[in-house]
Amino acid sequence: MHHKKLKLAFLASTVMLTLGVTSSLASEKGSTLFEEKCAACHVKQRPAYEEMKNLIAPPIMGVMTHVKDAKANKEEAVTFIVDYIFDPSHAKAVCMKQSIQRFGLMPSQKGSLTKEEATVIAEYLYKNYGY
């Protein structure tokens with residue numbers, strides 16, 4: 001009986017370790033994809049006041065705060081982000097009107113990344129930005 005408990009505990013810890021590594025790798029991939037595909041326009045944090053004039057898109061931490069305010073949970077937020085990346089519109093936008101007036105709508109990223117990449121980025125953003 002004791003042997004079965006040890007085997008079960010080992011199996012459970014292996015699964016948890018694997019999930020942790022998988023989660024860490026997914027986050028690392030999301031960060032890399034963000035840098036490759038998004039960071040040319042979106043900075044991660046709000047810059048100093050004197051640098052605000054140089055922005056060409058809203059900081060992603062602010063975007064994600066608005067996404068989290070508008071969407072009830074991670075699944076809804078990720079689905080929204082992936083959809084918006086490929087098909088942005090004024091009707092879908094969750095950012096402040098002033099941001100859209102200043103920066104315009106985000107251009108569609110069709111052809112720039114795959115749906116899988118967009119999903120990895122969206123999950124990374126949800127986990128790391130806003131609130």
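Colleague: Which residues do ring pairs link into a cluster?

Modeller: Phe34, Tyr124 and Tyr129. Rings of Phe, Tyr and Trp (its six-membered ring) pair if their centres lie within 6.5 Å. Planes under 30 degrees apart count as stacked, over 60 as edge-to-face and the rest as tilted.

Colleague: What sort of model is it, and how are residues numbered?

Modeller: This is a predicted model: local features need pLDDT of at least 70, side-chain atom pairs count only at pLDDT 80 or more, and totals for chains, interfaces and linings use all residues. Residues are numbered from 1 along each chain as its sequence is written, and side-chain values use heavy atoms, with hydrogens and water left out.

Colleague: How many aromatic pairs does a search of the whole structure find?

Modeller: The search finds 3. In one of them, Phe34 and Tyr124 have ring centres 6.4 Å apart and planes at 45 degrees, so that pair is tilted. The pair links distant parts of the chain, 90 residues apart. Phe34 is in helix α1 (residues 2–37) and Tyr124 in helix α5 (residues 115–128). Helices here are DSSP runs (H or I, at least four residues), numbered from the N terminus.

Colleague: And Tyr124 with Tyr129: what are the distance and angle?

Modeller: Their ring centres are 5.9 Å apart and the planes are at 70 degrees, so this pair is edge-to-face.

Colleague: What lies over the face of Tyr126?

Modeller: Lys68 does, at 4.6 Å from the ring centre. The test: NZ of Lys or CZ of Arg within 6 Å of the ring centre and within 35 degrees of the ring normal.

Colleague: Let's stay with α5. Which of its residues are buried?

Modeller: Ala118, Ile121, Ala122, Tyr124 and Leu125. Seen down the axis, the buried residues of α5 fall within an arc of 165 degrees, so they line one face of the helix. The arc is taken from the directions from the helix axis to the C-beta atoms.

Colleague: Which residues are exposed on the other side of α5?

Modeller: Glu116 and Lys127.

Colleague: What happens just after α5?

Modeller: Gly130 takes a positive phi of about 85 degrees.

Colleague: New topic. Which residues touch the most other members of the largest nonpolar core?

Modeller: Ile60, Met64, Val67, Ile81 and Leu125, out of 22 residues in that core. A nonpolar core is a set of buried Ala, Val, Leu, Ile, Met, Phe, Trp, Tyr and Cys residues joined through side-chain atoms within 4.5 Å.

Colleague: Which helix gives the most to this core?

Modeller: α3, with 8 residues. α1, α2 (60–70), α3 (74–86) and α5 each supply at least two.

Colleague: What does Val67 touch?

Modeller: Ala77, Phe80, Ile81 and Val94, not counting residues up to four places away in sequence. Contact means heavy atoms within 4.5 Å. Val67 lies in helix α2 and is buried, with a relative accessible area of 1%.

Colleague: Where is Ala93 found?

Modeller: In the loop between α3 and α4 (97–103). Ala93 is partly exposed, at 21% relative accessible area. Ala93 touches Tyr84 and Ile100, again not counting residues up to four places away in sequence.

How values were computed: Buried < 20%, exposed > 50% of the residue type's maximum accessible area, 1.4 Å probe, protein only.
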